[in-house]
Amino acid sequence: MSTHIDYYIYYRIDPSKETALRAALATMQASLQAATGVPGRVRRRLDDPLTWMEIYEGVNNQRLFELELGSHVQRHGLHDFLAAETGRHLERFRSA
């Protein structure tokens, strides 16, 4: 039985860059899915619309996925869209 990992990555965005982030994120997730087979979703926090979360579920090759994720985030400049002095926070979960 293989372990499937779900990834939750949350961060605060720079509101002045929201439109550009949407485009960069859509392109990045499509490229990441092509490389890994793992589709991504995006959500916004209900009580704080500047906090966004990327969700990637059912990852079965942790090492490959994390290498590709890091590469794609850099290639698409996602750090450029974050609120000042903040970062991306990654959390991993597996089934109980």
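Helices, of at least four residues, and strands, of at least two, are DSSP runs numbered from the N terminus. On that basis, the predicted model described here contains 2 helices and 4 strands. Read from the N terminus, these elements follow the order β-α-β-β-α-β. The radius of gyration is 13 Å, close to the 12 Å that the globule rule gives for 96 residues, so the protein is as compact as a globular protein of that length. Along the principal axes, the C-alpha atoms occupy a box of roughly 45 × 30 × 20 Å.

Of its 96 residues, 31% are counted as buried. The accessible surface amounts to about 6000 Å², and carbon and sulfur atoms account for 51% of that area. When contacts between residues at least 6 apart in sequence are considered, 75% of them join residues at least 24 apart. As for charge, there are 12 positive and 12 negative side chains, and the centres of these two sets are 3 Å apart.

Tyrosine 7 belongs to strand 1 (residues 5–12) and phenylalanine 65 to helix 2 (residues 62–75), so the pair ties together parts that are 58 residues apart in sequence. Both tyrosine 7 and phenylalanine 65 are buried. Ring pairs also bring in a further residue, linking Tyr7, Tyr56 and Phe65 into a cluster.

Another aromatic pair is formed by tyrosine 8 and phenylalanine 93; this one is edge-to-face, with 5.5 Å from centre to centre and 80° between the planes. Tyrosine 8 sits in strand 1 and phenylalanine 93 in strand 4 (residues 89–94), so here the pair ties together parts that are 85 residues apart in sequence. The relative accessible area of tyrosine 8 is 21%, which makes this residue partly exposed. Phenylalanine 93, at 44% relative accessibility, likewise counts as partly exposed.

Helix 1 (residues 18–36) includes glutamate 18. Leaving aside residues up to four places away in sequence, glutamate 18 touches Ile13, Arg44 and Trp52. Its C-alpha atom is separated by 9.0 Å from that of leucine 50, although glutamate 18 and leucine 50 are 32 residues apart along the chain.

With a relative accessible area of 56%, glutamine 74 is exposed. Between glutamine 74 and methionine 28 there are 9.6 Å from C-alpha to C-alpha, and the two are 46 residues apart in sequence.

The backbone has a point of interest as well. Most residues other than glycine have a negative phi. Glutamate 85, however, has a positive phi of about 60° although it is not a glycine. This residue is placed in the loop between helix 2 and strand 4. Glutamate 85 has a relative accessibility of 86% and therefore counts as exposed, the cut-off being over 50%.

Key: Residues are numbered from 1 along each chain as its sequence is written. This is a predicted model: local features need pLDDT of at least 70, side-chain atom pairs count only at pLDDT 80 or more; totals for chains, interfaces and linings use all residues. Side-chain values use heavy atoms; hydrogens and water are left out. The radius of gyration is taken over C-alpha atoms; the globule rule is 2.2 Å times the number of residues to the power 0.38. Buried means under 20% relative accessible area, exposed over 50%, partly exposed in between (1.4 Å probe, protein chains only). Contact means heavy atoms within 4.5 Å. Accessible areas come from the Shrake-Rupley method with a 1.4 Å probe; for residues, only the protein chains shown count as cover. Lys and Arg count as positive and Asp and Glu as negative; His and the chain ends are not counted. The place of a charge is taken as NZ of Lys, CZ of Arg, CG of Asp or CD of Glu. Rings of Phe, Tyr and Trp (its six-membered ring) pair if their centres lie within 6.5 Å; planes under 30 degrees apart count as stacked, over 60 as edge-to-face and the rest as tilted.
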